[in-house]
Amino acid sequence: MSKFIINGGKKLVGEVNISGAKNATLGIIAAAIMTDEDVILDNIPDVEDVNIMLSAIEEMGGEVKRITRNKVHIFAKNANATMANAKNLSRIRASYYFVGALLSKKKQAVVRMPGGCSIGERPIDLHLKGFKSLGAECEVKDGFIIAKADKLTSDNIYIDIVSVGATINLILASVMAEGTTVLENVAKEPHVVDVANFLNSMGANVKGAGTDTIRIKGVPYLHGTTYTIIPDQIEAGTYMTIACATEGDIIIKNIIPKHLDSISAKLIDMGNNVVEYDEAIRVIGCERQFPTTIKTLPYPGFPTDMQPQITVLLSIANGESNVTESIFEDRFKYIVDLKKMGAQIEQRSTSLNIKGIEHLKPASLMSPDLRAGAALVIAALMTKGESTVDRIEYIKRGYENIFGKLKELGADIREEN
Ligand code: EPZ
């Protein structure tokens, strides 16, 4: 595993270009196998999770050609396999989107059980329950999800818990089902809307994405398309937090400001200056953060994927803050390392009480997962002295070229294997 060595305490200043949304790209790549025609995806992030999904399509017999680092041509007509069993698939969460896509296209699927960040139990019961409502038989056996259906017929499905993955997977499974499927209590994240827009660009009929109810009128066929992925709101939020944590001044480019509303609002509450432009946002960090209260919620609430990052920022605020994680039950693994740096944090079940201190102390840190790893990088950047962040492979799963982007902003950072 490689590590970053960071000499922190410097103000990060300059511009950073945000890459395409990882969690939109993962659902869209799975959806791309549902047509026998050409699909061109632009603005995809060059990150490991995306590359694993693309290589899985090749292992299923499809063609994947990189046009540029961020543009890919997928031709899945010969992806005849109904099995997605590439070993690496068990390392990522999004592998399960191949179940919805293969059920739609082939009426059968055998897909490795998903992996992904260890931030809680992460069951898939809502996915399987929804597939069954559409007429599929499903079981989990020997580490695989096995699903098949004579035909898929529409249904009204109320998803018990707001779930990004279940929402996207049930859209995938319904787009070519007979009749009109109604999904209620759906996730409204920008990446859910992007997958729906992508499918509609292929001739699907998905209405209401981004609201509480999505209506999918089944169509017999999906044609090819050329599609550009939306920017990654969590990558953007992470760099916004870096500007605040280092008292920096960063223009974050290629973003959709609306997607960042809950993050901008909190950073302004904490005393930072946030200026919105059409496709960019400028964040100027204040000298000392005000404390605040955070509760993670489904979109448009404060995103769980920003919880570790904002907690790091609150650890040096001028007062006492509270953070409640309401989405995942085990997303505080990074607190151990923050305490090594001197942070005054007390965990009570899924809530944190944080007594802000003037500054942290440098330390050797270890990424427990993707977003916590990014949060520990922020902690190192904002702390005078040399810190190391190990297991940065986790971070590279979701942040394209984070080393280069931080260097560009003036960070004193190097990488060692
Ligand atoms: C997606 O995970 C994202 N991953 C996560 O981002 C993100 O944290 C999460 O959505 C919430 O926004 C991808 O898109 C690849 P959920 P997902 O289903 O779909 C429970 C990152 O950092 N649940 O919305 O797995 C679940 O346990 C990653 O980029 C069930 O109970 O999340 C959780 O408590 C980390 N049964 C809640 O729903 C199910 O069948 C929300 O999970 C499915 C989910």
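Tutor: Let us begin with a definition: helices, of at least four residues, and strands, of at least two, are DSSP runs that are numbered from the N terminus. Please keep in mind throughout that this is a predicted model.

Student: Which polar side-chain atom lies 2.6 Å from an oxygen atom of the ligand?

Tutor: The general idea is that a polar contact is a pair of N or O atoms within 3.5 Å. In this model, the atom you ask about belongs to Arg 93, while an N or O atom in the side chain of Asn 23 is 3.1 Å from a ligand oxygen.

Student: What kind of space does the ligand take?

Tutor: The ligand takes the space that is the largest pocket.

Student: Let us move on to the backbone. Where is there a cis peptide bond?

Tutor: One joins Tyr 299 and Pro 300, with omega at about 10 degrees. Pro 300 itself belongs to the loop between strand E18 (293-295) and helix H9 (307-314).

Student: And what is the phi of Asn 254?

Tutor: The phi of Asn 254 is near 60 degrees, which is a positive value in a residue other than glycine. Asn 254 sits in the loop between strand E15 (249-253) and helix H8 (261-269). Asn 401, likewise not a glycine, has a positive phi of about 50 degrees, and its place is the loop between helix H12 (393-396) and helix H13 (402-408).

Student: Why does Asn 254 count as partly exposed?

Tutor: The cut-offs are under 20% relative accessible area for buried and over 50% for exposed, with partly exposed in between. Asn 254 is partly exposed because its relative accessible area is 31%, and Asn 401 is partly exposed as well because its value is 37%.

Student: Is Ile 216 buried or exposed?

Tutor: Ile 216, which lies in strand E13 (residues 213-217), counts as buried because its relative accessibility is 0%. In the loop between H9 and strand E19 (320-324) we find Ile 316, which is buried because its relative accessible area is 13%. Asp 155, in the loop between strand E9 (144-148) and strand E10 (156-158), counts as partly exposed because its relative accessibility is 29%.

Student: How should I read separation along the chain beside separation in space? What distance separates the C-alpha atoms of Ile 216 and Val 206?

Tutor: Ile 216 and Val 206 are 10 residues apart along the chain, and their C-alpha atoms are separated by 4.5 Å. For Asp 155 and Ser 174, 19 residues apart in sequence, the C-alpha to C-alpha distance is 8.9 Å, and for Ile 316 and Ala 343, 27 residues apart along the chain, the separation is 7.9 Å. Lys 3, in strand E1 (residues 3-8), and Val 72 are 69 residues apart in sequence and 29 Å apart in space, C-alpha to C-alpha.

Definitions and conventions:
Residues are numbered from 1 along each chain as its sequence is written. This is a predicted model: local features need pLDDT of at least 70, side-chain atom pairs count only at pLDDT 80 or more; totals for chains, interfaces and linings use all residues. Side-chain values use heavy atoms; hydrogens and water are left out. A polar contact is a pair of N or O atoms within 3.5 Å; within protein, one must be able to donate a hydrogen and the other to accept it, and residues adjacent in sequence count only if both atoms are side-chain atoms. On a 1 Å grid over the protein atoms alone, a cavity is a set of points where a 1.4 Å probe fits but cannot get out, and a pocket is an open set with protein on both sides within 12 Å along at least five of seven lines; lining residues have an atom within 4 Å of a point. A molecule sits in a cavity or pocket if more than half of its atoms lie within 2 Å of its grid points. Buried means under 20% relative accessible area, exposed over 50%, partly exposed in between (1.4 Å probe, protein chains only).
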